[in-house]
Structure formats: C-alpha cells, structure tokens
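Please read these points alongside the coordinates.

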Amino acid sequence: MAAINVRRDVQDSFYRYKMPRLQAKVEGKGNGIKTVVVNMAEIARALSRPPSYPTKYFGVELGAQVKCDDKNERYIVNGDHDANKLQSTLDGFINKFVLCQSCKNPETDIIIKNDDILMDCKACGARNTADMRHKLSAYIVKNPPAVASKNVRKQRKAATAQANNTGEDATEGLDGNDAEDAGHGSDDDIISQRIQKQAAGLNMESKLALEDWSEDTSEAAVAQRMKELSVKGSGAFAKEDEEEEGDNKYEIFGDWLETGKTRSDQEIVEKAEELGVFGKYKTCLVLVQCIFDENVVSQIPRRGELLGKFVMDEKHQKATLGGIERLIGLNHKEMLIKKTPNILMKLYDLDIIEDEVFLKWGEKPSKRYVDREISKEVKKAARPFLEWLETAEEEDSDEDSE
C-alpha cells in the first residue's frame with residue numbers, strides 16, 4: 001500500500017508523517033450506488049483520529065449519507081466518488097481537524113472542554129480551538145475520541161499538560177538561579193521543573209556538590225582522553241562495525257556539520273547519503289554532538305524532524321543517548337549537567353526514544369560512550385527524569401492490570 005505525506009503540500013520524501021494513500025471501491029448501481037473507503041481504518045490510525053471523523057467529514061463536504069461500521073472496519077459514502085476526489089476532501093479534514101494551526105504539525109490530540117474542540121499539539125505545545133462552525137464539530141463534541149489505555153505516553157503527556165494549567169507557581173522550590181531562569185522564559189520549561197521538584201525530593205545540585213568528581217586534568221591525561229573519546233564519537237565504537245570502511249567517513253560527516261551550523265535538514269540527509277552513513281546508528285552519535293551546543297534544550301524541538309529521520313530503531317536510540325552523554329559530559333559539562341533532565345524530557349517529547357531504552361540507559365554507568373566517571377555523573381544528574389519515568393510506568397502498569 002503506497003504511503004504519502006500527511007501534508008501533501010510538503011514534497012520532502014523524508015517527511016516524517018506518512019499515511020496510506022486512500023483507496024476507494026464503488027459498489028452497487030443506480031440509486032444504490034455507494035463508495036467504500038477500503039483503508040479508512042489505516043488512514044485514521046495514521047492520523048490518530050477515529051475513522052468515523054473523516055468519514056462524517058466526507059458526508060458533510062460531499063452532501064452524501066455515510067455509514068460507519070467500526071466493528072467490521074467498513075466505511076461507506078453514498079454515491080459514486082473516485083479516490084482522487086476523496087483524497088482531496090481528506091486534505092481539508094487534515095487541515096481543519098488534524099494539523100496544528102501554529103506549527104502545521106499533525107502531532108495533535110483532540111480535547112473536548114466546555115463544548116469546544118481544543119487541538120493540543122505535542123510538537124510545539126500550542127493549544128488551538130478547531131473550527132467550531134463546521135458541522136463535523138458538533139459530531140466530535142458528542143462523540144469525543146476514546147483514550148486508549150495502552151497508549152501510556154499520550155496519557156502521561158495529557159496529565160502533565162493538565163497539571164501545568166493548574167496555575168501553580170512554576171518557580172516554587174527552585175534555587176535562585178533556576179527561579180530567575182523560569183521567570184524569564186528560559187529553556188527549563190515548566191514540565192521539566194515539575195519533574196525536578198517531584199522526583200522523590202531529590203536535590204540534585206546539593207548531592208552533586210558532595211561527590212568527588214575530580215579527574216586528572218594534566219596535559220597528558222587530557223590528550224589521552226581526547227584520543228580515546230574523539231568529538232565525533234568514532235572511539236566509542238572502536239571495536240564494532242569492523243566490516244565498515246573505517247571511521248573516516250563519520251569524521252568527514254562531523255567536520256562537515258561543524259563547518260555549517262545553519263545547514264538545512266535536507267542538506268544534512270543528502271550529505272549522509274552521499275557518504276554512505278545514512279541509516280547507520282553511529283551517525284546518530286555524530287549528529288547529536290554536532291548539531292547541538294550549550295543551547296540544546298531549545299534546539300531539540302526545532303531539530304525533531306531531522307532526528308526522526310536518523311533514529312530508526314533501538315540501536316539508533318541508544319547511540320542518540322550516547323551522543324547526548326558525550327555532549328553533556330565532554331563538551332559543555334559546566335553548563336549542561338544540571339539541565340540533563342530537561343534535555344531528556346525534550347527527547348522524550350519527540351517520541352523517538354522508547355521508555356525502556358531511557359530506563360535501561362540510566363541503570364548504571366558505562367564506558368561505552370564516555371569515561372565511566374563521566375557516565376556516572378551524567379546518569380546521576382538524569383535521576384529526576386528517570387525516577388519520574390519509572391513511577392509513571394508503574395502507575396500505568398497498575399491501571400492496565402485493573
């Protein structure tokens with residue numbers, strides 16, 4: 001089944017959001033002629049909407065009666081309608097009831113509040129009101145989307161967003177510097193601050209201050225560490241992927257990225273393909289270290305689509321976290337160590353790294369990507385986020401059991 005971009009006005013073949021091309025089958029004849037949308041269930045799943053919503057939208061826009069049989073996944077529009085016409089009509093539904101009106105991203109959830117339809121965007125955080133004048137709006141209000149109990153990540157985000165709207169003072173319990181940053185709209189957003197406050201009363205700054213994280217800073221020691229842990233990350237995989245043509249291509253890719261910080265996503269993908277490193281998990285390690293700097297908390301959301309193209313499976317996810325570990329521990333430790341939970345939360349919000357991968361990464365220090373002591377420091381700093389994630393996992397497991 002051919003896949004197309006959710007936004008058909010986007011011509012980028014690497015566009016992250018895809019859906020099946022609509023397939024229509026005309027049945028019957030005369031007054032009983034009807035069009036069956038064969039793959040409406042698959043399309044609806046790709047759009048994260050109930051299949052009845054786009055089907056009812058077809059009925060409104062085409063002036064036809066429709067039938068929704070959810071049990072048998074059969075969705076019918078009366079009359080003879082070709083697939084191209086229905087696909088164009090579907091574009092209208094996507095624009096009105098799927099895309100965020102702020103960032104035009106399809107990562108939105110529908111929330112019914114006071115008989116209004118709110119489009120809550122997980123990508124940019126905006127919450128816009130849908131077109132309440134459209135006839136479909138009345139149907140959606142009466143038939144709100146069911147929350148799937150197994151989709152725990154969406155539930156947690158919705159709960160966190162609701163908690164953030166309670167009007168609590170986001171700076172309560174923060175030290176002077178964090179409170180000042182929060183008051184001026186710093187990268188440490190309210191969600192991340194709440195995690196840091198609620199994670200078992202962990203005062204990260206004071207605990208880290210008691211630890212001895214000193215290391216040999218002599219010229220010889222620094223030179224040796226830089227040799228073993230190069231900025232591009234090839235040293236972290238010295239014993240792996242020996243079948244590849246050496247690590248020089250990753251060094252070339254990293255150097256190319258660092259010489260052009262404003263390169264577009266498409267340019268970066270094309271360069272990775274040219275060098276033959278696109279799709280390799282080691283590329284994620286290089287990419288993360290080169291496109292981010294000390295402002296990584298604010299940069300991650302803007303680079304979410306690019307990361308989505310490179311992070312393909314669990315191995316890529318682990319390498320991405322390895323790159324973050326190196327970015328924090330080797331490049332900007334003074335500025336970023338206390339922001340580790342915020343950085344991980346931004347990655348979490350992109351839905352490119354599974355919860356289990358986060359938790360497994362944080363279990364114990366490892367010298368896979370950085371020196372073991374640096375890994376220990378970064379993962380200790382990450383505990384507020386990891387403890388929050390563990391607690392949420394346990395709560396979701398209890399709810400599923402009930």
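1. Leu-347 is in contact (heavy atoms within 4.5 Å) with Ile-300, Leu-307, Leu-321, Ile-324, Ile-352, Ile-353 and Phe-358, leaving aside neighbours within four places in sequence. The model is a predicted one, in which local features need pLDDT of at least 70, side-chain atom pairs count only at pLDDT 80 or more, and totals for chains, interfaces and linings use all residues. Residues are numbered from 1 along each chain as its sequence is written, and side-chain values use heavy atoms, with hydrogens and water left out.

2. A nonpolar core here is a set of buried Ala, Val, Leu, Ile, Met, Phe, Trp, Tyr and Cys residues joined through side-chain atoms within 4.5 Å; buried means under 20% relative accessible area, exposed over 50%, and partly exposed in between (1.4 Å probe, protein chains only). The largest such core has 54 residues, and the members touching the most others are Phe-253, Ile-268, Leu-287, Leu-307, Leu-347, Phe-358 and Phe-385. Helix 12 (residues 281-291) contributes the most to this core, with 8 residues. Helices (H or I, at least four residues) and strands (E, at least two) are DSSP runs, numbered from the N terminus. A second, separate core has 31 residues, including Ile-4, Leu-47, Leu-99 and Met-119.

3. How do helix 15 and helix 17 cross? The axes of helix 15 (residues 314-331) and helix 17 (residues 340-349) come within 12 Å and cross at roughly 150 degrees; axes are lines fitted to C-alpha atoms, for helices over the stretch in contact, with angles from 0 to 180 degrees between N-to-C directions. Helix 15 is therefore roughly antiparallel to helix 17 (an angle over 145 degrees). On the helix 15 side the contact is made by Leu-321, Ile-324 and Ile-328, and on the helix 17 side by Thr-340, Ile-343, Leu-344 and Leu-347.

4. Lys-104 has a positive phi, near 60 degrees, and lies in the loop between helix 3 (83-97) and strand 7 (108-113). Lys-104 is partly exposed, at 29% relative accessible area. Asn-114 also has a positive phi, near 55 degrees; its place is the loop between strand 7 and strand 8 (116-121), and at 69% relative accessibility Asn-114 is exposed. Most residues other than glycine have a negative phi.

5. Ala-44, in helix 1 (residues 40-47), is buried at 2% relative accessibility. Not counting residues up to four places away in sequence, Ala-44 touches Arg-49, Pro-50 and Pro-51. Ala-44 and Thr-55 are 11 residues apart in sequence, and their C-alpha atoms are 9.6 Å apart.

Notes. Parallel < 35°, antiparallel > 145°, perpendicular 65-115°, else oblique.
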